[in-house]
Amino acid sequence: MKNEVFELNRRRLAEKLDDNSLLILFAGNAPKKTGDEKYQFTPNRNFYYLTGINEEDHIFVMEKNNGNITAKMFIKEIDEEKEKWLGKTIRKEEVYEISKIEEVSYLGEFRPYLNKILNESIEKTIYLDLERDEFSSFPSISSAFGSELRDKYANSNIKNVFPLMAPLRLVKSNEEVEEIQKAIDITIEGVKSIMKNIKPGMKEYELEAYFEFECRRRGIGDYAFKTIAAAGKNATILHYVDNNSEAKDGDLILFDLGAQVNYYNGDISRTFPVNGKFTERQKEVYEAVLRVNERVISELKAGVNFLEMNKKSREWIAEECINLGLIEDKKDVAKYYWHSIGHSLGLDTHDIDNPGRNTTLEPGMIYTVEPGIYIAEEGIGVRIEDDVLITEDGNEVLTKNMIKSVKDIEEFMAKC
């Protein structure tokens, strides 16, 4: 993306920061996997959102004093010997080209710089990314750094910037929407490849490979999440990722998958018959889920509260379960449906949102719509997921080019 995008993101965040404050964000680093191998690096998404830089170990600092904003990047020192093994790292002049940040120093200068600022200030607010998904999570680089700051600079007031990022990242710029659309379009081609090549008796991982091949040959280096390729009863396990069972004649198979483009994600779920033809019962369940999918999409627009939409969709799925003969009372729907109707989509597949997803939709937001019904005793699991952009006059289904009616699916697979 253009560097002006990251500059605008910084300006929008700066408006939310206290005066006389300092924001410190760490790119992060890849943990050790085993021996001398590390896991694949992926940057802290808030760091990337403000800088566009995707190398590990760098530090971004933004200072706000009397309403004036200065941005500074601290990058790794050049190690030409190490670069022979691991490749070239970013140079000072390249930082501006990517992020439009003019002030660039090396990491060795970070702590002296910070010491000077904190010693000269009576009281300074320090913003760190202190997001923690659960109490038992391992400390992040930012949380460990925050503990160190509290020990060494008692006059510093540490705040969590993560809640301030949610309203910013929820509303996507045109450039972000374009990246997500690219990821979705590639995902669609991957799903179509699966549908063209599937045959009874294949393993789930073989089918996953067709998706990955289509993504890789289009330049995709990473995925939104681990692909779910779930045949038969496996599809009734929400996050099934073993992908090592046989896709049998007569089974439905559920795919939940997504390509990632410049860290922006697509997220699609589709369910179709392994042999290309729905049984009457499979069709009955599938069309029940599809009705809820389309009903929710028809109501998504600016001003709608997503938490309320989730409650309504649960009611609609309960009604469908009654019609399918699965339950007699709506309160029992949790036996066959137990997740949310969707989530915000962006730099994270489950992108950061307001607490409890209590968000009133605005133009520029992108949410998934993914109703499902999971009948373990019948070996049937169906989920249909689309990605929807909220617009000024309603919404746009970004996944509209991925077929989902019974008729279209059966006709497509009959031609293959």
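**Figure 1. Leu254, a buried residue in a strand.** In this predicted model, Leu254 is buried, with a relative accessible area of 1%. Buried here means under 20% relative accessible area, exposed means over 50%, and partly exposed is anything in between (1.4 Å probe, protein chains only). You'll find Leu254 in strand E10. Strands (E, at least two residues) and helices (H or I, at least four) are DSSP runs, numbered from the N terminus. Leaving out residues up to four places away in sequence, Leu254 touches Ile228, Ala229, Ala230, Ala235, Arg270, Thr271, Tyr374, Gly381, Val382 and Arg383. A contact, by the way, means heavy atoms within 4.5 Å. Take Gly381 from that list: Leu254 and Gly381 are 127 residues apart in sequence, yet their C-alpha atoms are 7.1 Å apart in space.

A quick note on how to read these views: residues are numbered from 1 along each chain as its sequence is written, and side-chain values use heavy atoms, with hydrogens and water left out. Since this is a predicted model, local features need pLDDT of at least 70 and side-chain atom pairs count only at pLDDT 80 or more, while totals for chains, interfaces and linings use all residues.

**Figure 2. Gln260 and its polar partner.** Which side chain does the side chain of Gln260 make a polar contact with? It's the side chain of Asn265, at 2.9 Å. A polar contact is a pair of N or O atoms within 3.5 Å; within protein, one must be able to donate a hydrogen and the other to accept it, and residues adjacent in sequence count only if both atoms are side-chain atoms. Gln260 sits in strand E11, which covers residues 260-261. Gln260 is buried too, with a relative accessible area of 9%. Not counting residues up to four places away in sequence, Gln260 touches Arg45, Ala183, Ile220, Asp222, Tyr223, Ala224 and Asn265.

Figure 3. Look for Asn66 in the loop between strand E4 (59-65) and strand E5 (68-75). Arg357 lies in the loop between helix H11 (306-323) and strand E14 (366-369). Are they buried or exposed? Asn66 counts as exposed, at 71% relative accessibility, whereas Arg357 counts as partly exposed, at 28%.

**Figure 4. Pro167, a proline in a helix.** Pro167 is part of helix H7, residues 162-170. At 33% relative accessibility, Pro167 counts as partly exposed. If you skip the neighbours within four places in sequence, Pro167 is in contact with Arg12 and Lys16. Now find Leu23 as well: Pro167 and Leu23 are 144 residues apart in sequence and 17 Å apart in space, C-alpha to C-alpha.

Figure 5. Lys33 is in strand E2, residues 32-34, and counts as partly exposed at 45% relative accessibility. Apart from residues up to four places away in sequence, Lys33 touches Lys38 and Tyr39. Asp242 belongs to the loop between strand E9 (228-231) and strand E10 (252-257). With 54% relative accessibility, Asp242 counts as exposed. How many Å separate the C-alpha atoms of Asp242 and Ser21? The answer is 47 Å, for two residues that are 221 residues apart along the chain.

**Figure 6. Zooming back out to the whole protein.** Altogether, the protein has 12 helices and 18 strands. The protein's radius of gyration is 24 Å, close to the 22 Å that the globule rule gives for 416 residues, so it is as compact as a globular protein of that length. That radius is taken over C-alpha atoms, and the globule rule is 2.2 Å times the number of residues to the power 0.38. Along the principal axes, the C-alpha atoms fill a box of roughly 75 × 50 × 40 Å. Buried residues make up 52% of the 416 residues. Among the contacts with a separation of 6 or more, 70% come from residues 24 or more positions apart.
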